[in-house]
Amino acid sequence: MPDGRDLCLCFQLRAAARRASALYTSRLAPIGLGLPQYSLVGMAAACEKQNGRPPSITELAAALDLDRSTLSRNLRPMIAAGLVEVAPAGEGRAKLVRATREGRAAYRAGVALWRAAQDEAQAALGPQFRGLMQGLEATIAGLPAAAGSSVANDL
């Protein structure tokens, strides 16, 4: 059907993202976390490990390429589930996000499941995988950042 979908970068990226998300989410199902939750708790832990302190909401939003309000909405159920905690930074209005012991355990439990999804995606794409990853990296670097935009961002 000649509707131009094949010419629209946004359509193609979103369709590919939905397929990839479904794959990773199905593989992570045994730990009870969806891909967005798994990514959030993992990034919070990784930022803390790298910086020697928990990330602020602003820093975590930047690391996840989300705006702060989207991240805040996504944090609420994670806090309620006991996977992350948010505490004042001690100065100004900044708040720090820390993966809890339960959150870190869930993340560790999912590493092999994530790896299986990654391996499956790589096998399905075959020799195109490396070029696709390089192309996506260039796309992300070349397009304006989403943070602060009026377009809603999803994890």
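Biologist: In this predicted model, what makes up the largest nonpolar core, and which residues have the most contacts inside it?

Modeller: The largest nonpolar core has 25 residues. Those with the most contacts inside it are L40, L60, L71, L75, V84 and V97. Helix 1 (9–28), helix 2 (35–51), helix 3, helix 4, strand 2 (95–99) and helix 5 (101–125) each supply at least two of its residues. Helix 2 gives the largest share, 6 residues.

Biologist: Which residues of helix 3 are called buried, and what makes them so?

Modeller: They are I57, L60, A61 and L64. Buried means under 20% relative accessible area, so each of these four falls below that cut-off.

Biologist: How do you know where on helix 3 the buried residues lie?

Modeller: Seen down the helix axis, they fall within an arc of 100°, so they line one face of helix 3. An α-helix has 3.6 residues a turn, so residues three or four places apart point the same way. The buried residues of helix 3 pack against helix 2, helix 4, strand 1 (84–88) and strand 2.

Biologist: Why is helix 3 called roughly perpendicular to helix 4?

Modeller: Helix 3 (residues 57–64) and helix 4 (residues 68–80) pack at an angle of about 100°, with their axes 9 Å apart. Angles of 65 to 115 degrees count as roughly perpendicular, so this pair is given that name.

Biologist: Which residues meet there?

Modeller: I57, T58, L60, A61 and L64 in helix 3 meet R68, L71, S72 and L75 in helix 4. The residues of this contact divide into 6 nonpolar, 2 polar and 1 charged.

Biologist: What follows helix 3?

Modeller: D65 does, and its phi is positive, near 55°.

Methods: Residues numbered from 1 in each chain as written. Predicted model: local features only at pLDDT ≥ 70, side-chain atom pairs only at ≥ 80, totals over all residues. Heavy atoms only, no water. Axes fitted to C-alpha atoms, helices over the stretch in contact; angles between N-to-C directions. Parallel < 35°, antiparallel > 145°, perpendicular 65-115°, else oblique. Contact = heavy atoms within 4.5 Å. Nonpolar A, V, L, I, M, F, W, Y, C, P; charged D, E, K, R; others polar. Core = buried A, V, L, I, M, F, W, Y, C linked by side-chain atoms within 4.5 Å. Buried < 20%, exposed > 50% of the residue type's maximum accessible area, 1.4 Å probe, protein only. Arc of directions from axis to C-beta.
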